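Please open the model in a viewer with the sequence panel displayed.

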Amino acid sequence: MSIIDPRTGNPLTADPADTGNAQNAQAGTERPSVAPEDVIIELNANNIQQVLEASMQVPVLLGAYSPSDSACSTLVTLLEKLAVDYAGAFLLAKLDITANPEIAGQLGVRSVPDVKLVSQGGLVDGFQGALPEKEVREWLNRYFPAPGDAPPSPEEQAEEALTAGDAPAAREIYQSLVSQYPEHYAYQVGLAKALVAEGRGEDARSVLDNLPPEERDAAPARGVRASIEFSEQALSSDEIAALGNRTDSDAQYQRALRQVADGQYDAGLEALLALMKQDRAYNDDAARKTLLQVFDALGADHPLTVTYRRKLFALLY
């Protein structure tokens with residue numbers, strides 16, 4: 001369903017048949033800055049009709065919450081921030097279901113937090129639960145151009161910190177996310193990954209062990225466990241240096257394992273593949289087994305996994 005902005009006459013969503021994406025086309029468009037009171041409304045019996053009428057002119061995001069629920073508080077704070085970030089692309093109408101149970105019933109709110117997008121007086125889409133900022137932004141961007149100056153999400157900040165080698169900063173971000181979204185298990189896996197990068201393998205393993213079984217056995221958690229094992233198995237940098245110019249299979253394998261443990265996956269995978277070609281029988285096919293562990297650590301869709309799985313297949317068959 002396409003939402004039309006009556007102020008411009010332009011669609012806020014792409015035509016489903018179009019391969020383009022509205023937010024990609026319009027990302028970076030400057031919007032005037034707005035004050036919170038310009039775009040945020042507390043919904044009640046006195047103004048609900050006016051709010052629904054306002055949806056004929058501009059989309060309205062209805063956020064139903066309970067003030068006593070911590071998950072609701074987290075999401076409402078986020079929605080208030082996003083309403084300002086999106087600078088009038090939509091109005092945020094907050095509904096306290098404790099104070100307004102009849103309105104909640106009329107709007108079909110069954111549990112909170114509950115978010116509904118209303119346009120032209122009708123329901124367009126919605127979601128339930130305290131989704132993290134990245135997911136809420138992705139949902140909003142189906143309908144509205146993304147703010148051109150949007151700051152990186154906490155998840156993106158954590159990944160940037162890891163890439164830059166600042167594992168403590170990444171850990172702090174993930175710890176904050178875990179406290180806000182305790183049932184969003186990807187953050188716990190991210191926390192474990194940051195702990196591994198800090199050299200705290202046992203702490204990381206403890207985080208993973210406390211996940212529900214289905215999450216504990218899923219690919220992301222298995223990948224972090226593999227990283228812990230690489231770190232525990234690999235020789236130290238000093239021990240690698242002590243290998244000198246040795247080119248035997250064991251030296252090649254130990255260098256490759258150290259590269260993998262240090263996150264130099266491309267070089268490590270290439271070295272393991274070369275060892276397979278040279279000495280397939282080394283240590284009971286250790287090079288191939290380690291390659292598979294690295295694939296698990298990176299994930300099936302990672303470009304290096306795709307590339308080196310293809311190379312491994314060509315070598316074997």
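The crossing of α10 and α12 is the opening stop in this predicted model: α10 passes α12 in a left-handed crossing. To display the pair, select residues 201-209 for α10 and residues 219-233 for α12, whose axes come within 10 Å and cross at roughly 160 degrees. Angles over 145 degrees count as roughly antiparallel, and α10 and α12 are therefore roughly antiparallel to each other. Next, show side chains at the contact: from α10, Gly201, Glu202, Ala204, Arg205, Leu208 and Asp209 meet Ala221, Val224, Arg225, Ile228 and Glu232 of α12. By class, this contact of α10 with α12 comprises five nonpolar, one polar and five charged residues.

Then select glycine 165, which follows α7 and has a positive phi, near 85 degrees.

The last stop is α16 (residues 286-298) with α17 (residues 303-316), where the axes come within 10 Å and cross at roughly 155 degrees. This angle makes α16 roughly antiparallel to α17, and the crossing of the two is left-handed. Display Arg288, Leu291, Leu292, Phe295 and Leu298 of α16, which meet Leu304, Thr305, Tyr308, Arg309, Leu312 and Leu316 of α17. The contact of α16 with α17 divides into eight nonpolar, one polar and two charged residues.

Conventions. Residues are numbered from 1 along each chain as its sequence is written. This is a predicted model: local features need pLDDT of at least 70, side-chain atom pairs count only at pLDDT 80 or more; totals for chains, interfaces and linings use all residues. Side-chain values use heavy atoms; hydrogens and water are left out. Axes are lines fitted to C-alpha atoms, for helices over the stretch in contact, and angles run from 0 to 180 degrees between N-to-C directions. Helices (H or I, at least four residues) and strands (E, at least two) are DSSP runs, numbered from the N terminus. Angles under 35 degrees count as roughly parallel, over 145 as roughly antiparallel, 65 to 115 as roughly perpendicular and the rest as oblique. A crossing is left-handed if the near helix is turned anticlockwise from the far one by less than a right angle, and right-handed if clockwise. Contact means heavy atoms within 4.5 Å. Ala, Val, Leu, Ile, Met, Phe, Trp, Tyr, Cys and Pro count as nonpolar, Asp, Glu, Lys and Arg as charged, and the others, Gly among them, as polar.
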